[in-house]
Structure formats: C-alpha cells, structure tokens
Amino acid sequence: MKIRFLSGKRQGEISHAPYSQETKLMIDAGLIEEIPLPARGSAGWLKARMEQEKSAAPTPAHVSWGIHKGTQDNRITLEGKCSRPNCSIFRFEGKREFLSRHTFQHCCGAYAEAVPLDVIKKYAEAKKSEEVHYTADEAALFRYSSHIGDSNKHREVK
Ligand SMILES: [Zn+2]
C-alpha cells in the first residue's frame, strides 16, 4: 500500500509498505497514513496499481558461488550465498563427485537449485592443488582417536 509519513525524519514523504500487522500498528499510532488508490478505472488507477505491484514484488533470489581457500588450513571450499537477506548459506569441502548430490536449499521461499556445472568444474580444478594444513584442534582429534593406551590396543568402537 502507498503510505505517507506523518512524523519523524521522513515526515511528508510518500513510500510503499506491505499489508502487515506492523504497518497497521503504525497507522493506528498515527505515524503513517494510508494513501488510498484512485477510484477504479479513473485516470491514475492503473498507474497506481502497477506501482503497487512493483513495490510488492520480492527481489529475485540469485545464488552467487565462490571458491575459497582457508587462511589457516588451506582447505578449498565452495560457498554459495543467496541475494535475499536471511536466506541460507551453502558450504562444501568434500569430494567433487559428491557435489552433484547437493542442492542449494533456500529458506527464502525460492526453489532449491543444483550447483551449476561450471562451478563444479572450477571447484574440481581448485581442489587438485589443495594442500590441507590441519589445525591444532584437528590434530588433537586425530591424536585422541589413534591413541593406544597401556593395553597396546585401540579403543573398542561400539
Ligand atoms: Zn534464497
């Protein structure tokens, strides 16, 4: 809906707001007022309706892909990020052949999408030159899992 600010920094300005509880509360509090649409079929009606449609349309969801190298461990990872705020983040560091099993799962309402083929190719290429440096935490985990105690046997895995 089209609204006018009645107070504050934007007093007098006209903007668009969604039909929501928050907007209704702002109207009830006297902070904004709704500017009604011109009468249906009148000169400004179609223009106002198109403007309203445009403002209500969500920004398109676009995933940008990037290949990163860890600063500490040199690990090559593939990361995907959606253009819409508060959506998912995709992170993968496994074998290239398993990458096609994964999809970018949006939580913004857009459909899930597969990792593009050219991105998979770039990831596979970058992964070839990967030389992982294990972090201190990972090294401690390996030491712990391969530790042989006084019995001279590995811990029994249950
Ligand atoms: Zn998204």
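Modeller: pLDDT is the predictor's confidence in each residue, on a scale from 0 to 100. The model is a predicted one, in which local features need pLDDT of at least 70 and side-chain atom pairs count only at 80 or more, while totals for chains, interfaces and linings use all residues. Residues are numbered from 1 along each chain, as its sequence is written.

Colleague: How do you know where confidence is lowest and where it is highest in the protein chain?

Modeller: The lowest confidence belongs to helix α2 (residues 45-56), with a mean of 82, and the highest to strand β5, at 96. The protein chain as a whole averages 88, and 97% of its residues score at least 70. Helices (H or I, at least four residues) and strands (E, at least two) are DSSP runs numbered from the N terminus.

Colleague: What makes β1 and β3 paired strands, and in which sense do they pair?

Modeller: Two strands pair if DSSP finds at least two bridges between them. Strand β1 (residues 2-5) and β3 have 4 bridges and pair in the antiparallel sense, with Arg4 standing opposite Glu33 in β3. They belong to an open sheet of 3 strands, ordered β2-β1-β3, with antiparallel pairing.

Colleague: Why are β2 and β3 said to stand at the edges?

Modeller: Each of β2 (14-16) and β3 (32-35) has a single partner strand, so one side of each is left without a neighbour in the sheet. Neighbouring strands here are turned by 40° against each other on average, with direction ignored, where axes are lines fitted to C-alpha atoms (for helices, over the stretch in contact) and angles between N-to-C directions run from 0 to 180 degrees.

Colleague: What makes Pro36 and Lys24 count as exposed?

Modeller: A residue is buried if 20 or more other C-beta atoms, placed from the backbone, lie within 10 Å of its own, exposed if 12 or fewer do, and partly exposed in between. Pro36, found in the loop between β3 and α2, has 9 C-beta neighbours inside 10 Å and therefore counts as exposed. Lys24, in helix α1 (residues 21-28), has 12 such neighbours, so Lys24 counts as exposed too. The C-alpha atoms of Lys24 and Glu34, 10 residues apart along the chain, are separated by 9.4 Å.

Colleague: Why is α2 said to lie largely in the open?

Modeller: Of the 12 residues of α2, the number buried is 0, so the helix lies largely in the open.

Colleague: How do you know that the span of α2 agrees with its 12 residues?

Modeller: The expected span is 1.5 Å times one less than the number of residues. For α2 that should be 16 Å, and the end C-alpha atoms are 17 Å apart, which agrees.

Colleague: What makes β4 and β6 the edge strands of their sheet?

Modeller: The open sheet has 3 strands in the order β4-β5-β6, with antiparallel pairing. Strands β4 (63-69) and β6 (89-92) each pair on one side only, and neighbouring strands are turned by 20° on average, direction ignored. Between β4 and β5 there are 7 bridges, with Ser64 opposite Lys81 in β5; between β5 (residues 76-82) and β6 there are 4, with Gly80 opposite Phe90 in β6.

Colleague: What is found in the hairpin of β4 and β5, and in that of β5 and β6?

Modeller: The hairpin of β4 and β5 has 6 residues between the strands, and Asn74 takes a positive phi near 60°. In the hairpin of β5 and β6, also with 6 residues between, Asn86 in the turn has a positive phi of about 60°.

Colleague: Which residues form the covered face of β5, and which the uncovered one?

Modeller: Ile76, Leu78, Gly80 and Cys82 form the covered face, whereas Thr77, Glu79 and Lys81 form the uncovered one.
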